Amino acid sequence: MSAIAAYYNDKSILITGATGFVGKVLMEKLFRTSPDLKVIYILVRPKSGQTLKQRVFSILNSELFSKVREIYPNVGEKIRAIYADLSKDDFGISKEDMEELLSCTNIIFHCAATVRFEDPLKYAVQLNVVATQKLLLMASQMPKLEAFIHLSTAFSNCNLKHIDEVVYPCPGEPKKIINAMEWLDDAIIKEITPKLIGDRPNTYIYSKALGETVVQEEGGKLNIAIVRPSIISSTWQEPFPGWIDNVNGPGELIIATGKGLLQLLTVGPMTVVDLIPVDTVANLILAAGWYTAVHRPKTMLIYHSTSGQLNPCYCKKMALQVMATLEKTPFEKAFRRPCTVFTTNTIAKQFWKAVSHRIPAIIYDFYLRLTGRKPRIVKLMNRTLNAFSKLEYFISQHWEWSINNTEMLMSQMSPEDQRVFNFDVRQLNWLQYIENYVLGLKKHLLKEDMAGIPEAKQHLRRLRNINYIFNTVIFLIAWRLLIARSQMARNVWFFIVSLCYKFISYFRASMLKA
Ligand SMILES: CCCCCCCCCCCCCCCC(=O)SCCNC(=O)CCNC(=O)[C@H](O)C(C)(C)COP(=O)(O)OP(=O)(O)OC[C@H]1O[C@@H](n2cnc3c(N)ncnc32)[C@H](O)[C@@H]1OP(=O)(O)O
Ligand SMILES: NC(=O)C1=CN([C@@H]2O[C@H](COP(=O)(O)OP(=O)(O)OC[C@H]3O[C@@H](n4cnc5c(N)ncnc54)[C@H](OP(=O)(O)O)[C@@H]3O)[C@@H](O)[C@H]2O)C=CC1
């Protein structure tokens, strides 16, 4: 049996962020590989009108957990959902629940965070720094705790081009920043945010960097490791290829491309997009948890969960594969035919944004208004272009991450562990992976049925014909205006017409001879 799987059997595991993208995959894997684990405590808040029970029920009944349900029908009995809102003091956890957590927990996986790039700094600090600080304090009171795994991001130091497996100093001391967030007025915080975050692109990245400093400074004697994933994407292999349930990062751009909203990619041919499949991240987290608890390294280790060094995914190649998959299996009800223009030129970029994005959106909304419907495309287009401008930062640059600790971890694992908790991205075939990713977005996120593909293709053919007619009309109008105003245009026109006439006469004469 796998040593890592055996380690988690009989353990009480606390997961924060278990209702999120990474948390769910982590929990699923734990149940599948270590069914004899004692309990998984998850810190959950009620959301979107759902109680804790309802949230857990819908996760366990989701497609992601279908394999777990097969092998382990009573899986719900091993989950203890504990009410907690990490933005509140003491997380709002009841006294009894807190006592149980403190006395029983063996391992903590801290995945919870706010991942929105532009949350107000106060909220980002509250979630990604203060909550981490409080969780560390809780952890320090857990006598049975063996390991604390903190999830950060590979981009926490994206102001550097080469990133080592160390915690770098961050502008501003966490304690001072936390203090300032408590008493400063929201308007003032907003004003000083750009100065505080310095050369980091947004409040999310900055707060994650501060979070790492807090882990390093306040981890005390705890057995801690930090895992830094890059851009987390759909599952590669487990529990099945292509599972994804959120639009963060690439998902948003792929959907916008598939729906015909986004037709622009500002990348050079050799730009690498550092994708890392979510199941690979979960496997690395579990391996790091085992290693930290069993081998107790003297210093806190940081593991980069990235792909660029070992098996780079080139952005242009990825986009072409996205397009090829969309050709075979298009998304339904597209606004326009999917098409991608690659450019790194700023002027060309602005031109394409206006001509091929904003103007068609305005025309379409005008048409919706004329037909008595509510205009919505301009709003959607603005949102798409805004999201694109925020994500662009991560695909227009190149970073290098050291992976010594990650490779060391792999070398410490038995062949069986390497198979069961595989995070070796060298084995990944990007073309196959991207195809599954696009299909996964269609199926699991957009909830589109494969039976609707003929209709989606028919819709795209209609859009192509409309496009042809539209372009021809625009060309004729432009040409007519030009002829009316320019002698040269008129000469060109007569030249073309007489050429056509001569060609037809010649053709007819040679037909008659034959
Ligand atoms: C060919 C392709 C190649 C691809 C090539 C890949 C490259 C891909 C690089 C990625 C690189 C990431 C690298 C990060 C590495 C980490 O560690 S990041 C962790 C993950 N986090 C993320 O990815 C979060 C990214 N997203 C965000 O932060 C925010 O969505 C953005 C982009 C800043 C936009 O924020 P915003 O303008 O406030 O927009 P948002 O609140 O999301 O939505 C506004 C409104 O639109 C609505 N809305 C949202 N989505 C939709 C939708 N799809 N339709 C309609 N309405 C919508 C919302 O409901 C909302 O409505 P209201 O509530 O206002 O009524
Ligand atoms: N996704 C990515 O591309 C990357 C993510 N990461 C890191 O991985 C970790 C997980 O990210 P991911 O799963 O994608 O993020 P998600 O947004 O999918 O999940 C975030 C989780 O945190 C929980 N959470 C947020 N706020 C609170 C709160 N106030 N109280 C209790 N729980 C809360 C959410 O709960 P709820 O369901 O109630 O909202 C959810 O379970 C994060 O630390 C992130 O920084 C790192 C690199 C890339």
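## Salt bridges and an annotated C-terminal domain

According to an unreviewed UniProt entry, residues 357-448 carry the annotation "domain: Fatty acyl-CoA reductase C-terminal". In this predicted model, the end C-alpha atoms of residues 357-448 lie 25 Å apart, and the span is 65% helix and 2% strand.

The structure holds 22 salt bridges, and three of them are set out below.

| Salt bridge | Closest N and O atoms |
|---|---|
| Lys443 with Glu63 | 3.8 Å |
| Glu100 with Arg80 | 2.7 Å |
| Glu392 with Lys349 | 3.0 Å |

In the pair formed by Lys443 and Glu63, Lys443 lies in helix α17 (residues 430-445) while Glu63 lies in the loop between α3 (52-60) and α4 (66-71), so the pair ties together parts that are 380 residues apart in sequence. Lys443 is partly exposed, with a relative accessible area of 42%, and Glu63 is likewise partly exposed, at 41%.

For the salt bridge of Glu100 with Arg80, the partners come from helix α5 (residues 95-104) and strand β3 (residues 79-83) respectively, so parts that are 20 residues apart in sequence are tied together. Glu100 has a relative accessible area of 26% and counts as partly exposed, as does Arg80 at 27%.

The salt bridge between Glu392 and Lys349 links the loop between α14 (377-391) and β13 (400-401), where Glu392 lies, to helix α13 (residues 346-370), which holds Lys349, and so ties together parts that are 43 residues apart in sequence. Here Glu392 is buried, at 10% relative accessibility, and Lys349 is buried as well, at 17%.

Elsewhere, Glu28, Lys29, Arg32 and Glu238 are joined into one network by salt bridges that share partners.

How values were computed:
Residues numbered from 1 in each chain as written. Chains lettered and ligands numbered in written order. Predicted model: local features only at pLDDT ≥ 70, side-chain atom pairs only at ≥ 80, totals over all residues. Heavy atoms only, no water. UniProt positions renumbered as here; feature names shortened; annotations may be inferred. Helix = DSSP H or I, 4+ residues; strand = E, 2+ residues; numbered from the N terminus. Salt bridge = Lys/Arg side-chain N within 4 Å of Asp/Glu carboxyl O. Buried < 20%, exposed > 50% of the residue type's maximum accessible area, 1.4 Å probe, protein only.
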